[in-house]
Amino acid sequence: MGKDLTGPRKIGAQDLVDRIRAIFFKGDAVELLPYTISTADRSSIIRSSVKVADAIHLACAAESGVELFITHHKLLQKLAIPGIHFIAVLDTNLF
(Lines give C-alpha, C1' and ligand atoms only; values in the text may rest on other atoms or scores of the structure.)
Protein backbone atom coordinates (compact mmCIF):
# COMPACT_ATOMS: atom_id res chain seq x y z
CA MET A 1 0.00 0.00 0.00
CA GLY A 2 2.92 2.32 0.37
CA LYS A 3 2.03 4.02 3.63
CA ASP A 4 1.76 2.22 6.93
CA LEU A 5 0.87 3.76 10.27
CA THR A 6 2.71 1.17 12.36
CA GLY A 7 6.21 2.64 12.01
CA PRO A 8 5.23 6.20 12.95
CA ARG A 9 3.14 4.91 15.87
CA LYS A 10 6.04 2.84 17.20
CA ILE A 11 8.24 5.93 17.41
CA GLY A 12 5.46 8.15 18.76
CA ALA A 13 5.28 10.35 15.64
CA GLN A 14 1.60 11.25 15.91
CA ASP A 15 2.10 14.21 13.56
CA LEU A 16 3.21 11.80 10.83
CA VAL A 17 0.29 9.46 11.57
CA ASP A 18 -2.09 12.41 11.20
CA ARG A 19 -0.49 13.55 7.92
CA ILE A 20 -0.61 10.05 6.41
CA ARG A 21 -4.26 9.66 7.39
CA ALA A 22 -5.18 13.11 6.08
CA ILE A 23 -3.40 12.73 2.75
CA PHE A 24 -3.48 9.06 1.91
CA PHE A 25 -6.43 7.43 3.61
CA LYS A 26 -8.95 10.21 3.06
CA GLY A 27 -8.21 10.72 -0.62
CA ASP A 28 -9.61 8.83 -3.60
CA ALA A 29 -6.54 6.56 -3.75
CA VAL A 30 -7.89 4.19 -1.10
CA GLU A 31 -11.27 2.55 -0.83
CA LEU A 32 -11.99 0.96 2.54
CA LEU A 33 -13.80 -2.33 2.11
CA PRO A 34 -16.28 -3.60 4.69
CA TYR A 35 -15.53 -6.57 6.92
CA THR A 36 -18.87 -8.35 7.20
CA ILE A 37 -19.98 -11.70 8.60
CA SER A 38 -19.68 -13.12 5.09
CA THR A 39 -16.15 -11.71 4.84
CA ALA A 40 -15.24 -13.27 8.20
CA ASP A 41 -16.50 -16.63 7.00
CA ARG A 42 -14.52 -16.38 3.77
CA SER A 43 -11.47 -15.25 5.73
CA SER A 44 -11.62 -18.35 7.92
CA ILE A 45 -11.56 -20.54 4.81
CA ILE A 46 -8.61 -18.66 3.29
CA ARG A 47 -6.83 -18.69 6.68
CA SER A 48 -6.01 -22.37 6.26
CA SER A 49 -3.49 -21.35 3.56
CA VAL A 50 -2.08 -17.98 4.68
CA LYS A 51 -1.45 -15.68 7.64
CA VAL A 52 -4.38 -13.93 9.34
CA ALA A 53 -3.73 -10.47 7.89
CA ASP A 54 -3.40 -11.87 4.35
CA ALA A 55 -6.60 -13.88 4.79
CA ILE A 56 -8.49 -10.75 5.88
CA HIS A 57 -7.15 -8.72 2.93
CA LEU A 58 -7.95 -11.47 0.45
CA ALA A 59 -11.42 -12.05 1.89
CA CYS A 60 -12.31 -8.35 1.71
CA ALA A 61 -11.04 -8.18 -1.87
CA ALA A 62 -12.92 -11.33 -2.85
CA GLU A 63 -16.17 -10.13 -1.29
CA SER A 64 -15.83 -6.91 -3.28
CA GLY A 65 -15.03 -8.77 -6.52
CA VAL A 66 -11.75 -7.04 -7.29
CA GLU A 67 -10.21 -7.57 -10.69
CA LEU A 68 -6.61 -7.34 -9.52
CA PHE A 69 -5.07 -7.93 -6.08
CA ILE A 70 -1.47 -6.66 -5.86
CA THR A 71 0.79 -7.91 -3.08
CA HIS A 72 4.40 -8.21 -1.93
CA HIS A 73 3.86 -11.87 -0.96
CA LYS A 74 4.84 -14.29 -3.72
CA LEU A 75 2.98 -17.13 -1.95
CA LEU A 76 -0.33 -15.35 -2.51
CA GLN A 77 0.18 -15.22 -6.27
CA LYS A 78 -0.16 -19.01 -6.39
CA LEU A 79 -3.59 -18.99 -4.74
CA ALA A 80 -6.92 -19.25 -6.53
CA ILE A 81 -9.41 -17.21 -4.51
CA PRO A 82 -13.00 -17.16 -5.79
CA GLY A 83 -14.00 -13.54 -6.31
CA ILE A 84 -10.49 -12.32 -7.18
CA HIS A 85 -9.73 -12.47 -10.88
CA PHE A 86 -5.94 -12.05 -10.73
CA ILE A 87 -3.34 -11.93 -7.92
CA ALA A 88 -0.02 -10.33 -8.85
CA VAL A 89 3.23 -9.66 -7.02
CA LEU A 90 4.49 -6.09 -7.33
CA ASP A 91 7.38 -7.18 -9.56
CA THR A 92 5.06 -9.03 -12.00
CA ASN A 93 5.05 -7.82 -15.60
CA LEU A 94 1.32 -7.32 -16.19
CA PHE A 95 1.61 -6.12 -19.78
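Helices (H or I, at least four residues) and strands (E, at least two) are DSSP runs here, numbered from the N terminus. On that basis I get five helices and two strands for the protein chain. I read the order of elements from the N terminus as α-α-α-α-β-α-β.

**Ground rules.** I am working on a predicted model, where local features need pLDDT of at least 70 and side-chain atom pairs count only at pLDDT 80 or more, while totals for chains, interfaces and linings use all residues. I number residues from 1 along each chain as its sequence is written, and my side-chain values use heavy atoms, with hydrogens and water left out.

**Overall.** I looked up the extent of the C-alpha trace: about 40 × 35 × 25 Å along its principal axes. Next came burial, where buried means under 20% relative accessible area, exposed over 50% and partly exposed in between (1.4 Å probe, protein chains only). Of the 95 residues in the chain, 26% count as buried. For contacts I use heavy atoms within 4.5 Å. Taking the contacts between residues at least 6 apart in sequence, I find that 20% join residues at least 24 apart.

**Helix 3.** Which residues of helix 3 are buried? I noted T39, S43 and I46, in a helix that covers residues 37-46. They sit on the same side of helix 3, because they cover an arc of only 60° around the axis; the arc is that of the directions from the helix axis to the C-beta atoms. A reminder to myself: an α-helix has 3.6 residues a turn, so residues three or four places apart point the same way. On the face turned away from the buried side of helix 3, I found the exposed residues I37 and I45.

**Helix 3 against helix 4.** What covers the buried residues of helix 3? The cover includes helix 4, residues 52-64. I took axes as lines fitted to C-alpha atoms, for helices over the stretch in contact, with angles running from 0 to 180 degrees between N-to-C directions. The pair packs at about 130°, with the axes 8 Å apart. Helix 3 and helix 4 are therefore oblique to each other; under 35 degrees would be roughly parallel, over 145 roughly antiparallel and 65 to 115 roughly perpendicular, with the rest oblique. From helix 3, S38, T39, R42, S43 and I46 make the contact, and from helix 4 I listed A55, I56, L58, A59, C60, A62 and E63. By class, I have seven nonpolar, three polar and two charged residues in this contact. My classes: Ala, Val, Leu, Ile, Met, Phe, Trp, Tyr, Cys and Pro are nonpolar, Asp, Glu, Lys and Arg charged, and the others, Gly among them, polar.

**R42.** This residue is in helix 3, and I log R42 as partly exposed because its relative accessibility is 24%. Beyond its neighbours within four places in sequence, R42 touches A59, A62, E63, P82 and G83. I checked R42 against A62, 20 residues apart along the chain: their C-alpha atoms are separated by 8.5 Å.

**T71.** Buried or exposed? T71 lies in strand 1, residues 68-71, and counts as buried at 6% relative accessibility. Leaving aside neighbours within four places, I see T71 in contact with L76, I87, A88, V89 and L90.

**I20.** I found I20 in helix 2, residues 14-25. At 11% relative accessibility, I20 goes down as buried. I also looked up I20 against F86, 66 residues apart in sequence, and got 28 Å from C-alpha to C-alpha.
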